[in-house]
Amino acid sequence: MSGVIAVAGLGFTYPGNVAPTLHDVAFNISPGEVFGFLGPSGAGKSTTQRILTGLLTGYTGKVTVLGREIGAWGRDYYERVGVGFESPIAFGGLTLVENLRYFAHLYRGPTRNPLELLERVGLASDANLPAARMSKGMGVRLNVARALIHTPEIIFLDEPTSGLDPVGAEHMMSLISDERNAGRTVIVSTHDMGLAERICDRVAFIVEGCVAQIGVPDQLRRQHGSAAVRLSWPGGQAVFPLMGLADNREFHETLRNKPVQSIHSQEAGLADVFTQLTGRSLT
Ligand SMILES: Nc1ncnc2c1ncn2[C@@H]1O[C@H](COP(=O)(O)OP(=O)(O)OP(=O)(O)O)[C@@H](O)[C@H]1O
Ligand SMILES: [Mg+2]
């Protein structure tokens, strides 16, 4: 068994539903990867995460984590993995630091210092705030801190930048990168294409319960874009192929003779890849 997570032929139908939510989902995740689930709302990203975290049972197919079928794991599974659910969990009557202390006690192994962890997610000055008074973004950050409290080797995060401002999102990305650099594996569902492009080693686009494409963000962007550069100037623009650009006379003349304002390579953004795969625009 190579990867830390191996999923093959995964299908799932919610009790009471007729149509399956997932059908024939397959992917492998290697140790130390940041792996992203992207895709439209309702596509099945959180359902996949809920199966991987043992929350939903009754699936078909094979889902192996750390060498063992998910259903065969017992309580020790949660000593090895950390889970940040889509809807943050906290005790409203306890302060933020009390919440982390409470969750730390649930684990047998060593846990991180709650105050240091709050500092790491940008909540140090709110340590003594009752959790009921958190804003949405604070709840998301506390949720991630809770997932990390026992230093798990696999971390599942469902929309960890939802409700965060750009600075908060930046912090979250650097936190996730640090976890990866420390050798941990991170599985993240997100609508944040910036996060996916910047910190995911690979992404899987889930569309209508199937994996539409899996790849390295840069490669997907090149595959769905074109190998060209676009020059633009007031009132005009021109596109030149990258191939032979150094010897392209027209390109050099344009650069010399036009008041060029921008030069852009034409690989797609992940948002464009998303649109091409799902037929839905993000804007
Ligand atoms: N508890 C449930 N019972 C029945 N159907 C459900 C339940 N939870 C989710 N679904 C359905 O399963 C499908 C996938 O939902 P899921 O939450 O996995 O989507 P998602 O990709 O995470 O979407 P989002 O980007 O909005 O978080 C949707 O059609 C949803 O209505
Ligand atoms: Mg979801």
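Which residues lie nearest the centre of the largest pocket?

## The largest pocket

In this predicted model, Tyr 78, Val 83, Phe 85, Tyr 107 and Arg 146 lie nearest the centre of the largest pocket. They belong to a lining of 14 residues. The space in this pocket comes to about 230 Å³.

By class, the lining holds 10 nonpolar, two polar and two charged residues. Strand E6 (81-84) and helix H5 (136-148) each supply at least two of the lining residues. E6 gives the largest share, three residues.

## The E12-E11-E13 sheet

Three strands form an open sheet, ordered E12-E11-E13, with antiparallel pairing. Strands E12 (236-241) and E13 (262-265) are the edges, and each pairs on one side only. Neighbouring strands are turned by 20 degrees against each other on average, direction ignored.

Six bridges join strand E11 (residues 228-233) to E12 in the antiparallel sense. Trp 233 has Gly 236 of E12 as its bridge partner. Helix H9 (residues 249-257) packs on this sheet and touches E11, E12 and E13. The direction of H9 makes about 30 degrees with that of E11.

## Helices H8 and H10

Helix H8 (residues 217-224) packs against helix H10 (residues 270-278) at an angle of about 60 degrees. Their axes are 9 Å apart. The crossing of H8 and H10 is left-handed.

H8 makes the contact through Pro 217, Leu 220, Arg 221 and His 224. H10 contributes Leu 270, Val 273, Gln 276 and Leu 277. The contact of H8 with H10 divides into five nonpolar, two polar and one charged residues.

Methods. Residues numbered from 1 in each chain as written. Chains lettered and ligands numbered in written order. Predicted model: local features only at pLDDT ≥ 70, side-chain atom pairs only at ≥ 80, totals over all residues. Heavy atoms only, no water. 1 Å grid on protein atoms, 1.4 Å probe; cavity = no way out; pocket = protein on both sides within 12 Å on 5 of 7 lines; lining within 4 Å. Points joined across faces, edges and corners; volume = space filled by probe spheres on them. Helix = DSSP H or I, 4+ residues; strand = E, 2+ residues; numbered from the N terminus. Nonpolar A, V, L, I, M, F, W, Y, C, P; charged D, E, K, R; others polar. Axes fitted to C-alpha atoms, helices over the stretch in contact; angles between N-to-C directions. Left-handed = near helix turned anticlockwise from the far one by under 90°. Contact = heavy atoms within 4.5 Å. Pairing = 2+ DSSP bridges.
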